[in-house]
Amino acid sequence: MKKLSFRELAVAGLIAALYTVVSVALMPISFGVYQVRIAEALTVLPMVTRAAIPGLYVGCLLANVFGGMGWLDIVFGPLITLIAAVLTRLVSRLPNGSVASLLAGLPVALIWVCAVYFIASASETWFVIVGAILVIAALVLTLTFSRLWSRGVNVNIFIAPLPPVLLNAFGVSLYLAPLLGFNYWFSVQMIGVGQLIACYLIGLPILITLQRRQLPFRGDTTLTSEIEQF
């Protein structure tokens, strides 16, 4: 990989600062098992620029220092974010085909499963609220995905938020669940749902907006025009 230019370093610094500020400003919902870290919406940015990879790593590192979850979160949290950012970057290089379509459809299916789970387990009011939000999100994503896929457009944009969702749900739970005294699979569910909300309900619209502005993107160039038509 070529060295980052001065402009890219500035972008990386801006992303790191934004991630840190948003995480700390929304600290009550940014840490722990019951979390919706809004700053994770920025994890889609490696699909637009490689400068986001170091930016997200540094931002997560600084945020976790302030988070107070201990050294495990400071060391492994940013590492998971770094790996997820690299994978998101690689997504832009996937050719349009059956594999890409299958991966792109996976998050839509996951959101439907989570929506049904939260509504069916409506033991508390907030379960119903989250379930309703997920149902709306699932409907919108299903419609968008089906329209783009039916037109033969590269649907890699739907895969971009998937690495941070899966790696944080399964990876962060490995150390956070025993640290806070939660069951591992319960932690996977809670962190996973929080990631789906941050990365797909907030992050994906950000990515689509950047596409409409035709910022640098290593994917199928026809995607921009198709999204604009949609």
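Leaving aside neighbours within four places in sequence, which residues is Ile 202 in contact with? The answer is Ile 38, Ala 41 and Ile 197, where contact means heavy atoms within 4.5 Å. Before going further, a word on what is being looked at. This is a predicted model, in which local features need pLDDT of at least 70 and side-chain atom pairs count only at pLDDT 80 or more, while totals for chains, interfaces and linings use all residues. Residues are numbered from 1 along each chain as its sequence is written, and side-chain values use heavy atoms, with hydrogens and water left out.

The overall picture is simple to state: the protein has 9 helices and 0 strands. Helices (H or I, at least four residues) and strands (E, at least two) are DSSP runs, numbered from the N terminus. Read from that end, the elements go α-α-α-α-α-α-α-α-α. Of the 230 residues, 48% count as buried; buried means under 20% relative accessible area, exposed over 50%, and partly exposed in between (1.4 Å probe, protein chains only). The accessible surface comes to about 10900 Å², and 73% of it belongs to carbon and sulfur atoms. Accessible areas come from the Shrake-Rupley method with a 1.4 Å probe, and for residues only the protein chains shown count as cover. As for contacts between residues at least 6 apart in sequence, 73% join residues at least 24 apart.

Helix α1 (residues 6-25) and helix α3 (residues 52-67) have axes that come within 7 Å and cross at roughly 30°. That makes α1 roughly parallel to α3. Axes here are lines fitted to C-alpha atoms, for helices over the stretch in contact, and angles run from 0 to 180 degrees between N-to-C directions. Angles under 35 degrees count as roughly parallel, over 145 as roughly antiparallel, 65 to 115 as roughly perpendicular and the rest as oblique. The α1 and α3 crossing is right-handed; a crossing is right-handed if the near helix is turned clockwise from the far one by less than a right angle, and left-handed if anticlockwise. On the α1 side the contact includes Ala 12, Ile 15, Ala 16 and Tyr 19, and on the α3 side the residues include Leu 56, Cys 60, Ala 63 and Phe 66. By class, this contact has 13 nonpolar, 4 polar and no charged residues. Ala, Val, Leu, Ile, Met, Phe, Trp, Tyr, Cys and Pro count as nonpolar, Asp, Glu, Lys and Arg as charged, and the others, Gly among them, as polar.

Helix α3 also packs against α4, at an angle of about 160° with the axes 8 Å apart. That makes α3 roughly antiparallel to α4, and their crossing is right-handed. Among the residues that meet here are Leu 56, Tyr 57, Cys 60 and Asn 64 in α3, and Asp 73, Gly 77, Pro 78 and Arg 89 in α4. This contact divides into 12 nonpolar, 3 polar and 2 charged residues.

Cys 60, found in α3, turns up in the α1 contact and in the α4 contact. At 2% relative accessibility, Cys 60 counts as buried. Beyond its neighbours within four places in sequence, Cys 60 is in contact with Tyr 19, Arg 37, Gly 77, Pro 78 and Thr 81. Cys 60 and Ala 16 are 44 residues apart in sequence, with 7.5 Å between their C-alpha atoms.

Helix α4 (residues 71-91) has a further partner in helix α7 (residues 162-180), where the axes come within 9 Å and cross at roughly 160°. The two are therefore roughly antiparallel, and the crossing is right-handed. The contact of α4 with α7 has 11 nonpolar, 4 polar and 1 charged residues.

Back to Ile 202, which is found in helix α8 (residues 184-212). At 30% relative accessibility, Ile 202 counts as partly exposed. Ile 202 and Ala 41 are 161 residues apart in sequence, yet 5.7 Å apart in space, C-alpha to C-alpha. Gln 195 also lies in α8 and, at 2% relative accessibility, counts as buried. Not counting residues up to four places away in sequence, Gln 195 touches Glu 40, Pro 164, Val 165, Asn 168 and Tyr 200.
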